[in-house]
Amino acid sequence: MKIDKEEKKILQAYEKGQMKLSKPSQKELKAIKAAAESTFIKDKRITIRLYDHDFKGIQKKALQMGIPYQTLISGIIHRYIEGDLVSKD
């Protein structure tokens, strides 16, 4: 996971004991839970054509990981959009 400069400073301060964690309020917990739930709502369906070789490869990888191939494809797309999946250039 990539972290920016501000996040790095926060992490370093926490690791040095300069920051303490606090418990979120009930209101904050409710907001966090709502945000998490809405994150996983998949509300768009698409149709995609793949080469047979690629489709079989995706199915094989998904089987090895123990997940449905649709979940693997969705995860790959999500990681790419978030910048966690980059080309080898």
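This tour moves through a predicted model, from a surface patch to a pocket and a salt bridge.

**Stop one: the nonpolar patch**

Select Met 1, Ile 3, Ile 10, Leu 11, Tyr 14, Met 19 and Leu 21. Together these residues make up a nonpolar surface patch with about 790 Å² of accessible area.

Within this group, centre the view on Tyr 14, which belongs to helix H1. Tyr 14 has 41% relative accessibility and therefore counts as partly exposed, the class between 20% and 50%. For a sense of scale, draw a distance from the C-alpha atom of Tyr 14 to that of His 78: the two residues are 64 residues apart along the chain, and the atoms are separated by 29 Å.

Next, pick Met 19, another member of the patch. Met 19 sits in the loop that links helix H1 (5–15) to helix H2 (26–39). Its relative accessibility is 36%, so Met 19 is also classed as partly exposed.

Select Lys 56 and Asp 52 and show their side chains. They meet in a salt bridge, with an N to O distance of 3.0 Å. Both residues belong to helix H3 (residues 52–65) and lie four residues apart, about one turn of the helix. An α-helix has 3.6 residues a turn, so residues three or four places apart point the same way. Side chains of opposite charge can pair when their charged atoms come close. The count of salt bridges comes to one.

**Stop three: the largest pocket**

Display the largest pocket, whose volume is about 940 Å³. Which residues lie nearest its centre? They are Lys 42, Lys 44, Ile 46, Gln 70 and Ser 74, out of 20 lining residues. Helix H4 supplies the largest share of the lining, eight residues.

Keep Ile 46 selected. This residue is placed in the loop between H2 and H3. Ile 46 has a relative accessible area of 64% and is therefore exposed, the cut-off being over 50%. From the C-alpha atom of Ile 46, a line to that of Met 65, 19 residues apart along the chain, covers 23 Å.

**Stop four: helix H4 and its end**

Finally, select residues 69–82, the 14 residues of helix H4. Step on to Gly 83, which follows H4 and has a positive phi, near 90 degrees.

Conventions. Residues numbered from 1 in each chain as written. Predicted model: local features only at pLDDT ≥ 70, side-chain atom pairs only at ≥ 80, totals over all residues. Heavy atoms only, no water. Patch = residues over 30% accessible without salt bridge, like charges linked within 9 Å, V, L, I, M, F, W, Y side chains within 5 Å. Areas by Shrake-Rupley, 256 points an atom, 1.4 Å probe, with all protein chains shown as cover. Salt bridge = Lys/Arg side-chain N within 4 Å of Asp/Glu carboxyl O. Helix = DSSP H or I, 4+ residues; strand = E, 2+ residues; numbered from the N terminus. Buried < 20%, exposed > 50% of the residue type's maximum accessible area, 1.4 Å probe, protein only. Expected span 1.5 Å × (residues − 1). 1 Å grid on protein atoms, 1.4 Å probe; cavity = no way out; pocket = protein on both sides within 12 Å on 5 of 7 lines; lining within 4 Å. Points joined across faces, edges and corners; volume = space filled by probe spheres on them.
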